[in-house]
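Thanks for coming, everyone. Please look at the sequence and the structure on the screen.

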Amino acid sequence: MDVFLIAMAAVDSFYLLYREIGRSCSCYVEALALVGAWYMARKCFTLVCDSYSFIRLHFIPKLVSRADFVKKYGRWAVVTGSTAGLGKAYAEELASRGINIILISRSKEKLEAVAKDIAETYKVETAVIVADFSKGREIYSSIKEALRDKDIGILVNNVGVFYTYPEYFTRLSEDKLWEIVNVNIAAANMMVHIVLPGMVQRKRGAIVNVSSGSCCKPTPQMAVYSASKAYLDHFSRALHYEYASKGIFIQSLIPFFISTNMTQFGDRILSNKFFFVPSAKVYAHHAVSTLGISRRTTGYWIHSIQFLLVQYMPEWFWVWGMQILNSALRRNAVSHRIY
């Protein structure tokens, strides 16, 4: 009996203590409720804004007439890395809008073939400049001279190099490291430095720097490549703040996987049969429609969904997923002896 009374007294004491604690903490509970409500409201507002931006960027432009890029930016567009893949497709899309095209790449034969095809198909003027961006500083004086007195309205810094296949940093050669720095970073800087003064003088122009979805978060087995693309993303955004007031539109284009020669090491995994891996032509058609609308975009609606997921994804989860994917891509490349 005594034990039962003691137990009941303990229960009553605990209940009284719990009630007193609840009463004294009620203000904190209310404060936490307000914080939670504010957080949810903020997230809902962000979701609404993102949804609106998504529709405005990827669907509304298809319902209205296409922008007149010649009038808005200028008569000529320069596209680097333009003999195949995304560069070629982007040049064709611009040509379909009546813009004359200057193609820059390292293969004279391929350049001339693409230039001829674009000129005949879209009835525009074309010009070619042979340049190997991996050579570094020595090539830019001739490029600058070739572009002199041209009404360059659009610059597309598309040229880029990737690893032969995803690989760990210490297994990369010094030549490959310098190639990535010269092509992925230095080329964009120098091309902008050449054409931007003329754009500022004319108070119009657009620059597209092609980055990569790998710039969003640290990407193992693509460390140098993803870092170089993160540089382009930040470079583009900083230039926007410097030159938007002068009438220059600068876009950071952030595609995820596209079916091109650059991703041939993963042809069995990254096939364009997958709806989230578009062909270069499909991707370019969508990406060009975002020019002048969004200064930082994936360029393709499915990639925008991927980008949104990555933004809210914990970094550890992204790293874990990319380790698995890149290991699979490396095994696929090695098994097919793509070197």
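This is a predicted model: local features need pLDDT of at least 70, side-chain atom pairs count only at pLDDT 80 or more; totals for chains, interfaces and linings use all residues.

Now the overall picture. The protein has 10 helices and seven strands. Of its 339 residues, 44% are buried. Its exposed surface comes to about 18600 Å². Carbon and sulfur atoms supply 61% of that area. Next, the contacts with a separation of 6 or more. Residues 24 or more positions apart account for 76% of them.

On to the helix pair. Find helix α3, residues 85-95, and helix α8, residues 280-288. Their axes come within 8 Å and cross at roughly 50°. Parallel, perpendicular or oblique? Roughly parallel would need an angle under 35 degrees, and roughly perpendicular starts at 65. So α3 is oblique to α8. The crossing of the two is right-handed.

Which residues make this contact? From α3, they are G85, L86, A89, Y90, E92, E93 and L94. From α8, they are A280, K281, Y283, A284, H285, A287 and V288. By type, the residues of this contact divide into nine nonpolar, two polar and three charged.

Keep in mind a general point about helices. An α-helix has 3.6 residues a turn, so residues three or four places apart point the same way.

Stay with α3 for a moment. Is it mostly covered or mostly open? Mostly covered: nine of its 11 residues are buried. Those are L86, G87, A89, Y90, A91, E92, E93, L94 and A95.

Now the single residues. Start with D233, in helix α7, residues 223-243. Buried or exposed? Its relative accessibility is 2%, so D233 counts as buried. What does D233 touch, leaving aside neighbours within four places in sequence? It is in contact with S211, C215, S252, I254 and R296.

Last, two residues in loops. Most residues other than glycine have a negative phi. D149 is not a glycine, yet its phi is positive, at about 70°. You'll find D149 in the loop between α5 and β4. Its relative accessibility is 78%, so D149 counts as exposed.

K203 also goes on this list: not a glycine, with a positive phi of about 65°. Where is K203? In the loop between α6, residues 174-202, and β5, residues 205-210. K203 is exposed too, with a relative accessible area of 64%.

That's the tour. Questions, please.

Methods:
Residues are numbered from 1 along each chain as its sequence is written. Side-chain values use heavy atoms; hydrogens and water are left out. Axes are lines fitted to C-alpha atoms, for helices over the stretch in contact, and angles run from 0 to 180 degrees between N-to-C directions. Helices (H or I, at least four residues) and strands (E, at least two) are DSSP runs, numbered from the N terminus. Angles under 35 degrees count as roughly parallel, over 145 as roughly antiparallel, 65 to 115 as roughly perpendicular and the rest as oblique. A crossing is left-handed if the near helix is turned anticlockwise from the far one by less than a right angle, and right-handed if clockwise. Contact means heavy atoms within 4.5 Å. Ala, Val, Leu, Ile, Met, Phe, Trp, Tyr, Cys and Pro count as nonpolar, Asp, Glu, Lys and Arg as charged, and the others, Gly among them, as polar. Buried means under 20% relative accessible area, exposed over 50%, partly exposed in between (1.4 Å probe, protein chains only). Accessible areas come from the Shrake-Rupley method with a 1.4 Å probe; for residues, only the protein chains shown count as cover.
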